[in-house]
Amino acid sequence: MSLIVEHLLEELWTDALDIILQIKDEYSRSIALSKRAQHLPEQLWDKALKILWTIKAKYYCSTALQAFLPKLEQLSIPFTDWAKVIDTLAYKKRGKLLDALPESKPTIIRLSNEQAFFDTLQAVREVFQQWP
């Protein structure tokens, strides 16, 4: 019985992602992805990220991407996609970017080490000091 329920839930999630992909307004598509990121089954994360990358407005894309940060660590994505993630997050407003840093910590440490995370925090502090 649990296998049937699991299959049905996955099928419903697949349908939900298909519907999200059809949303024309990028802000609405971004919000729809953000709201579902925490509950999305692991086997659909790749599909969700593909939908995320269809959002051309970088600010809206970064909004959805922030919701996926805790899950990105568990995905095997190529370095070029990590560069895309970092570039996209740069479109966040300062306060929202700071909110994203704690969620990024496990990923930064996994890609490098704990010192890299602290170096990132220091670099962000230095950049923020340049802004009024």
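**Figure 1. Gln-66 counts as buried, at 11% relative accessibility.** The model shown here and in every view below is predicted. Gln-66 sits in helix H4, which spans residues 58-72. Its contacts beyond four places in sequence are Leu-89, Lys-92, Lys-96, Asp-99, Ala-100 and Glu-103. The cut-off for buried is under 20% relative accessible area, so the 11% of Gln-66 falls within that class.

**Figure 2. The whole chain holds seven helices and zero strands.** Along the sequence the pattern reads α-α-α-α-α-α-α. The protein chain has 132 residues, and 34% of them are buried. Its accessible surface comes to about 8500 Å². Carbon and sulfur atoms account for 58% of that surface. Take the contacts between residues at least 6 apart in sequence: 64% of these join residues at least 24 apart.

**Figure 3. The largest nonpolar core contains 24 residues.** Four of them touch the most other members: Leu-17, Leu-33, Leu-52 and Phe-68. Helices H1 (2-22), H2, H3 (45-52), H4 and H5 (79-89) each give two or more residues to this core. H4 gives the most, with six residues. In soluble globular proteins, nonpolar side chains tend to be buried together.

**Figure 4. Leu-52 is in contact with residues that include Leu-33 and Phe-68.** Leu-52, Leu-33 and Phe-68 are among the core residues that touch the most other members.

**Figure 5. Leu-17 is buried in helix H1.** Its relative accessible area is 2%. Which residues does Leu-17 contact, leaving aside its neighbours within four places in sequence? They are Leu-33, Leu-40, Leu-44, Lys-47, Ala-48 and Ile-51. Leu-17 and Leu-40 are 23 residues apart in sequence. In space, their C-alpha atoms are 9.6 Å apart. Leu-17 is also one of the core residues that touch the most other members.

**Figure 6. Asp-18 forms a salt bridge with Lys-47.** The structure holds one salt bridge. The closest N and O atoms of the pair are 2.6 Å apart. The cut-off for a salt bridge is 4 Å, so the 2.6 Å between Asp-18 and Lys-47 meets it. This pair links distant parts of the chain, 29 residues apart: Asp-18 belongs to helix H1 and Lys-47 to helix H3. Asp-18 counts as partly exposed, at 30% relative accessibility. Lys-47 is partly exposed too, with a relative accessible area of 27%. Lys-47 is also among the contacts of Leu-17. Side chains of opposite charge can pair when their charged atoms come close.

**Figure 7. Ring pairs link Tyr-27, Tyr-59 and Tyr-60 into a cluster.** A search of the whole structure finds two aromatic pairs. Tyr-27 and Tyr-60 form an edge-to-face pair, 5.4 Å centre to centre with 65° between the planes. That pair links distant parts of the chain, with Tyr-27 in helix H2 and Tyr-60 in helix H4, 33 residues apart. Tyr-59 and Tyr-60 also form an edge-to-face pair, 6.1 Å centre to centre with 65° between the planes. The cut-off for edge-to-face is over 60 degrees between the planes, so the 65° of Tyr-59 and Tyr-60 places them in that class.

**Figure 8. Tyr-27, Tyr-59 and Tyr-60 form a nonpolar patch on the surface.** Together these residues have about 280 Å² of accessible area. Are the three residues buried, partly exposed or exposed? Tyr-27 counts as partly exposed, at 44% relative accessibility. Tyr-59 is partly exposed at 31%. Tyr-60 is partly exposed at 30%.

**Figure 9. Ser-30 is buried, with a relative accessible area of 0%.** Ser-30 lies in helix H2, residues 26-36. Tyr-27 has its place in helix H2 as well. Ser-30 touches Ile-55, Tyr-60, Thr-63 and Ala-64, not counting residues up to four places away in sequence. Of these contacts, Tyr-60 is also a member of the surface patch.

How values were computed: Residues numbered from 1 in each chain as written. Predicted model: local features only at pLDDT ≥ 70, side-chain atom pairs only at ≥ 80, totals over all residues. Heavy atoms only, no water. Helix = DSSP H or I, 4+ residues; strand = E, 2+ residues; numbered from the N terminus. Buried < 20%, exposed > 50% of the residue type's maximum accessible area, 1.4 Å probe, protein only. Contact = heavy atoms within 4.5 Å. Patch = residues over 30% accessible without salt bridge, like charges linked within 9 Å, V, L, I, M, F, W, Y side chains within 5 Å. Areas by Shrake-Rupley, 256 points an atom, 1.4 Å probe, with all protein chains shown as cover. Salt bridge = Lys/Arg side-chain N within 4 Å of Asp/Glu carboxyl O. Core = buried A, V, L, I, M, F, W, Y, C linked by side-chain atoms within 4.5 Å. Phe/Tyr/Trp six-rings, centres within 6.5 Å; stacked < 30°, edge-to-face > 60°.
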